[in-house]
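Student: I would like to go through this structure with you, starting with its charged side chains. Could you take me through it step by step?

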Amino acid sequence: MALIEQLEKSHKEALDGLKKAQNEDQVEEIRIKYLGRKGVVTSALRQIKDLSSDQKKAVGQKANQIRNQLEEQIKQTKSDISSLKIEEKLKETTFDYSLPGKMPPLGNKHLISQIIEEVVEILVGLGYQVAEGPEIELDYYNFTALNTPPGHPARSLQDTLYLKDIKDSKKPKEEVLLRTHTSPIQIRYMEKHNPPLYIIAPGKAYRRDIADPSHTPMFHQIEGLAVDEKLSFGDLKGTLEVFVKRLFGEERAIRLRPHFFPFTEPSAEVDVSCSLCLGKGCRLCGGNGWLEILGCGMVDPNVLEEVGVDSEKYRGFAFGMGIERIAVLKHGLDDIRRLYDNDIRFLEQF
Ligand code: PHE
């Protein structure tokens, strides 16, 4: 049989084979049989060189054409088979591919961080700047410079965790402890900056408290300090009123009760009207209509003098609040320890 007829026959056979092919293996078999290294078409192409020169051209063209067509058809058949496979798969399963995917659970900020941010935002809005300081603090900054020298009875109210080896030095200036409030930041700041100054100091504080529904040995505070020429107790009250209303809502009122802090004089504790009864008295507020939220007062002149501020020229006011307490008041928490349990069912509510 002439080479050209042989090629045409093989071409037809190959095309028939492809039509019947059921899977990719069968297609591959056909490819090898006709186009492989020892395939029918390939060996025909190899024989062309023995033909006479005018036949060479005609047969060569035909052979190339057949090879290209076969290659094309093989590719097409393979892709038809694989899309058929996908369709079959789709039919086999009852899974609905148009359903939305599973969302990985997204985290959010802890309630404590949220409240710190909220409080900071309000006070920055009133012109305060954020200051920071160390949690491991010198006795001097935590107590002595805040008008609470060694032996002062007020120290025992904030008994704390001393870091033992250094306590042995017996020099209060060098004793090291976990700060009991963020007030030492105010001292550090006043040492370096001259008035007028308006700062807030957020951070962790530590006290030797046993954990119970309203205490944890570590908690968060934000304290504010303003030192300027003509500050009065009225400025302090006005600032706190604006602050409390922004934080808890316009309908809430504040009340100041005289109190004692070593570093302020006069000092007061501030209550906010109860969220439930707005001051009338109910179960939430224990019947008296008010909930305590912070301590405040006019900075004791001794504190100003200690850091070299002229207490004849300047006056200051300060206030300090516990973040956990605000969380309790804002959300009616029954136990502040929940804030530290790391229970996702609790945390994801906020
Ligand atoms: N530092 C006080 C405390 O932790 C709070 C306070 C701050 C009171 C500023 C008065 C003025 O209890």
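Tutor: A salt bridge here is a side-chain nitrogen of Lys or Arg within 4 Å of a carboxyl oxygen of Asp or Glu. Please keep in mind that this is a predicted model. Under that rule, Arg255, Arg257, Glu269 and Asp271 are linked in a network of salt bridges.

Student: How many salt bridges does the count come to by this rule?

Tutor: The count comes to 16 salt bridges.

Student: Which side chain does Glu13 meet in a salt bridge?

Tutor: Glu13 pairs with Lys9, with an N to O distance of 3.5 Å. Both residues belong to helix α1 (residues 3-20) and are four residues apart, about one turn of the helix. In general, an α-helix has 3.6 residues a turn, so residues three or four places apart point the same way.

Student: Now Glu118. With which residue does Glu118 form a salt bridge?

Tutor: The partner of Glu118 is Lys330, and their closest N and O atoms are 2.6 Å apart. This pair links distant parts of the chain, since Glu118 lies in helix α5 (residues 111-125) and Lys330 in helix α11, 212 residues apart. Glu118 is partly exposed at 29% relative accessibility, and Lys330 is partly exposed with a relative accessible area of 29%.

Student: And what about Asp335 and Arg337, how do their side chains meet?

Tutor: Asp335 and Arg337 form a salt bridge with an N to O distance of 2.9 Å. Asp335 counts as buried because its relative accessible area is 11%, under the 20% cut-off. Arg337 is partly exposed, with a relative accessible area of 31%.

Student: Which residue is buried yet has no salt bridge?

Tutor: Glu324 is buried yet has no salt bridge, and the nearest side chain of opposite charge, Lys204, is 8.9 Å away. Glu324 is located in helix α11 (residues 323-331).

Student: What does the side chain of Glu324 reach, then?

Tutor: The side chain of Glu324 reaches the backbone nitrogen of His220 at 2.9 Å. Leaving aside neighbours within four places in sequence, the contacts of Glu324 are Ile112, Phe219, His220, Ile336, Leu339 and Tyr340.

Student: Which residues of α11 are buried, and what covers them?

Tutor: The buried residues of α11 are Ile323, Glu324, Ile326, Ala327, Val328 and Leu329. The elements covering them include α5, β5 (218-228), α9 (233-248), β7 (264-273), β8 (290-299) and β9 (315-322).

Student: What follows α11?

Tutor: Gly332 follows α11, and its phi is positive, near 60°.

Student: You mentioned β5. Where is Gln221, and is it buried or exposed?

Tutor: Gln221 sits in strand β5 and is buried, with a relative accessible area of 7%. A polar atom of the Gln221 side chain lies 2.8 Å from the backbone nitrogen of Thr182. Not counting residues up to four places away in sequence, Gln221 touches a number of residues, among them His181, Thr182, Pro202, Arg207, Met321 and Ile323.

Student: And α9? Is Leu236 buried or exposed there?

Tutor: Leu236, in helix α9, counts as buried at 0% relative accessibility. Apart from residues up to four places away in sequence, Leu236 touches Cys296, Gly297, Phe317, Ala318 and Phe319. Leu236 and Phe319 are 83 residues apart in sequence and 8.4 Å apart in space, C-alpha to C-alpha.

Student: Let us change topic to the loops. Where is Leu163 found?

Tutor: Leu163 is in the loop between α6 (139-142) and α7 (164-167). Leu163 is partly exposed, with a relative accessible area of 29%. Setting aside neighbours within four places in sequence, Leu163 is in contact with Ile136, Val176 and Leu177.

Student: One last item: at what angle do the axes of α2 and α3 cross?

Tutor: The axes of helix α2 (residues 24-35) and helix α3 (residues 40-47) cross at roughly 15° and come within 3 Å. The two helices α2 and α3 are therefore roughly parallel to each other, as angles under 35 degrees count as such. Lys33, Tyr34 and Leu35 in α2 meet Val40, Val41 and Thr42 in α3.

Notes. Residues numbered from 1 in each chain as written. Predicted model: local features only at pLDDT ≥ 70, side-chain atom pairs only at ≥ 80, totals over all residues. Heavy atoms only, no water. Buried < 20%, exposed > 50% of the residue type's maximum accessible area, 1.4 Å probe, protein only. Lys, Arg positive; Asp, Glu negative; His and termini not counted. Polar contact = N/O pair within 3.5 Å; in protein donor to acceptor, adjacent residues only side chain to side chain. Contact = heavy atoms within 4.5 Å. Axes fitted to C-alpha atoms, helices over the stretch in contact; angles between N-to-C directions. Parallel < 35°, antiparallel > 145°, perpendicular 65-115°, else oblique.
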